Amino acid sequence: MTCGLDTAQMTDRTLTPSLADLRVLFVSGLDPSYYGGFRLATLQRLGLASVTALDQQQYSGSGLRGKLQFRTQFGPEVARFNRDVLQLAADNKVDVAWFDKPLSLWPKTLQALHQRGVFTIDYVNDNPFGPRQDPGWRLYRKTQPYFDLHAVPRTSSVADFEQRGARSVMQIRFTYEPSVHFPPGPGWSDKDRTREVSFIGTPYDDRADFLEQLSYQKIPLVISGSQPHWRAALPANTFDITFRDGELKAAAYREAIWQSRINLAFVTKANHDEVAHKSFEITACGGFLLAERTAGHSAAFKEDEEAVFFSSVEECAAKIRRYLPDQAGRDRIAAAGLLRSRTSGYDNDSMMRTVLMRALSLRNSQP
């Protein structure tokens with residue numbers, strides 16, 4: 001599936017281009033309720049000359065064949081994907097190709113784009129070199145020296161990519177999508193909050209054990225996410241007591257944050273993450289954030305003023321008991337966290353504009 005949005009005609013390409021001159025090919029999963037769809041919406045807001053989008057999910061296959069393709073990155077759909085990337089880039093005369101976690105891309109496809117003068121950007125939220133050992137990275141690791149720019153959200157990835165021959169690497173933040181992650185209307189209060197302590201996400205690392213211990217301490221906890229994953233991770237009695245609603249996206253996710261007096265966030269240690277992606281989403285939704293204490297979180301939010309942090313189950317439980325009955329204190333901290341998120345460039349637009357400006361600078365300096 002492809003879609004295009006023309007907003008302006010290309011100016012003289014012999015002049016130094018600006019963002020308004022750029023024709024961009026965006027390659028990602030395009031689910032409008034997920035991150036690729038969010039970033040496409042951002043590109044369409046930035047006033048570029050044109051945006052052409054390619055949904056890489058249409059090449060993923062299904063069933064056993066799809067699982068095998070994902071693990072090996074071999075097969076006819078992989079070949080079709082690479083052909084379509086080159087065809088779309090040529091048909092739309094693109095200047096920049098932005099790829100979101102392009103697991104099926106061939107090095108020779110990037111070389112062909114480079115020969116045509118297309119500047120290539122790799123954006124990846126996950127960590128191909130972390131201890132989580134996810135499958136599917138075989139081709140991706142081979143492509144790293146061929147991208148013009150890598151945008152990565154963690155400090156350790158900068159060194160990892162550079163050591164593997166990356167041309168240019170920049171560190172960016174995890175971000176929120178302003179069209180999806182925003183606060184409720186005036187007057188929202190605890191009378192509208194049906195969740196007391198809420199975690200929405202996946203049972204990575206030791207989260208299930210941590211939340212189980214909170215539950216044992218009589219913390220009024222609600223967990224949402226993939227039902228099969230949480231059912232497998234939690235004891236049956238804890239699952240039955242705490243689990244609600246299943247996987248939440250877009251409006252349902254935002255509304256669950258609104259409905260929570262306290263929103264928990266953990267970093268993904270298996271990815272070497274320094275902050276939680278959802279920390280920026282929670283604060284952008286006007287939620288009270290209780291997050292794992294890390295250097296990244298401490299740099300992003302002032303502790304006890306814009307967010308509250310914990311380093312253990314015991315400290316987390318103590319902070320919950322401190323703030324759960326204190327609506328005024330929670331609302332004050334949530335409002336400050338919302339302001340910090342809005343004024344510090346934690347949104348998609350700020351991040352993607354910064355990456356594209358870096359791309360322009362590097363492209364203009366190329367011979």
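Q: If a helix is a DSSP run of H or I with at least four residues, numbered from the N terminus, what places D84 and R80 in an element of this predicted model?
A: In this predicted model, D84 and R80 both belong to helix α3, which covers residues 76-91. They are 4 residues apart in that helix, which is about one turn.

Q: Why are D84 and R80 called partly exposed?
A: Buried is under 20% relative accessible area and exposed is over 50%, with partly exposed in between. D84 has a relative accessible area of 25% and R80 has 26%, so both fall between the two cut-offs.

Q: How do you know that K249 and D31 form a salt bridge, and where in the chain do the two residues lie?
A: The N to O distance between their side chains is 3.4 Å, and because the limit is 4 Å, the pair is counted as a salt bridge. This pair links distant parts of the chain, for K249 is in the loop between α9 (236-242) and α10 (250-258), while D31 is in the loop between β2 (23-28) and α1 (35-45), 218 residues apart. K249, at a relative accessible area of 32%, is partly exposed, and D31, at 33%, is partly exposed as well.

Q: Are R154 and D273, which form a salt bridge, buried or exposed, and how do you know?
A: The closest N and O atoms of R154 and D273 are 2.6 Å apart, a value within the 4 Å limit. The pair links distant parts of the chain, with R154 in the loop between β6 (149-152) and α6 (155-163) and D273 in the loop between β10 (260-265) and α11 (277-284), 119 residues apart. R154 has 0% relative accessibility and D273 has 13%; the cut-off for buried is under 20%, so both residues count as buried. Elsewhere, salt bridges that share partners join D190, R193, R261, R330 and D331 into one network.

Q: Why are β9 and β12 said to stand at the edges of their sheet?
A: The sheet is open, with 5 strands in the order β9-β8-β10-β11-β12 and parallel pairing. β9 (221-224) and β12 (308-310) each have a single partner strand, so one side of each is left without a neighbour in the sheet. Neighbouring strands of this sheet are turned by 25 degrees against each other on average, direction ignored.

Q: What makes β2 a mostly covered strand, and which strand does β2 pair with?
A: In β2, 6 of its 6 residues are buried. R23, L25 and V27 point one way from the strand, whereas V24, F26 and S28 point the other way, and all are buried. β2 pairs with strand β3 (residues 50-55) in the parallel sense over 6 bridges, and R23 stands opposite S50 in β3.

Q: What is known about the largest cavity, and which element gives the most to its lining?
A: The count comes to 1 cavity of 30 Å³ or more, and about 40 Å³ of space lies in the largest cavity. Its lining consists of Y35, F38, R39, T175, Y176, E177, H181, H277, E281 and N348. The elements that give two or more residues are α1 and α11, and α1 gives the most, with 3 residues. By class, the lining divides into 3 nonpolar, 4 polar and 3 charged residues.

Q: Why is Y346 called buried?
A: Y346 has a relative accessible area of 1%, and because buried means under 20%, the residue is classed as buried. Y346 lies in the loop between α14 (327-343) and α15 (348-365), and its C-alpha atom is separated by 9.1 Å from that of E281, 65 residues apart along the chain.

Key. Residues numbered from 1 in each chain as written. Predicted model: local features only at pLDDT ≥ 70, side-chain atom pairs only at ≥ 80, totals over all residues. Heavy atoms only, no water. Buried < 20%, exposed > 50% of the residue type's maximum accessible area, 1.4 Å probe, protein only. Pairing = 2+ DSSP bridges. Axes fitted to C-alpha atoms, helices over the stretch in contact; angles between N-to-C directions. 1 Å grid on protein atoms, 1.4 Å probe; cavity = no way out; pocket = protein on both sides within 12 Å on 5 of 7 lines; lining within 4 Å. Points joined across faces, edges and corners; volume = space filled by probe spheres on them. Nonpolar A, V, L, I, M, F, W, Y, C, P; charged D, E, K, R; others polar.
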